[in-house]
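This briefing covers a predicted model. Please look over the sequence and the structure before reading the points that follow.

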Amino acid sequence: ALLGPPQVRKEFPQAPASFNPDLRFMKIAVIGLGYVGLPLSIQFARSCVSVRGIDIEAQKVGMLTAGKS
């Protein structure tokens, strides 16, 4: 259902009737993987949101891709 379960509607009373809080279908891009962007990206990923992190420092991107921070 588009409205979602009743407990979700209580959490988002200002949301339009077509609001669907199913996070599995969200896609987010975070620009800058520094002190704010990296933890933000991690938290979104833990919430089952598809996240793409973008940064201009190739070395940082390589380290993160390798699982290092």
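Where is the place of Cys48? In this predicted model, Cys48 sits in the loop that runs between helix H2 (37-46) and strand E2 (50-54). The points below take up this cysteine, and then the salt bridges.

- Although Cys48 and Met26 are separated by 22 residues in sequence, their C-alpha atoms lie 8.6 Å apart in space.

**Salt bridges**

- The structure contains 2 salt bridges.
- One of them is formed by the side chains of Asp55 and Lys60, with a distance of 3.5 Å from N to O.
- Lys60 also forms a salt bridge with Glu57, and here the closest N and O atoms are 4.0 Å apart.
- Through the partners that these salt bridges share, Asp55, Glu57 and Lys60 are joined into one network.

**Exposure of the network residues**

- Asp55 has a relative accessible area of 19% and is therefore buried, the cut-off for that class being under 20%.
- Lys60, which is the salt-bridge partner of Asp55, is partly exposed, with a relative accessible area of 24%.
- Glu57, which meets Lys60 in a salt bridge, is likewise partly exposed, and its relative accessible area is 45%.

Conventions. Residues are numbered from 1 along each chain as its sequence is written. This is a predicted model: local features need pLDDT of at least 70, side-chain atom pairs count only at pLDDT 80 or more; totals for chains, interfaces and linings use all residues. Side-chain values use heavy atoms; hydrogens and water are left out. Buried means under 20% relative accessible area, exposed over 50%, partly exposed in between (1.4 Å probe, protein chains only). Helices (H or I, at least four residues) and strands (E, at least two) are DSSP runs, numbered from the N terminus.
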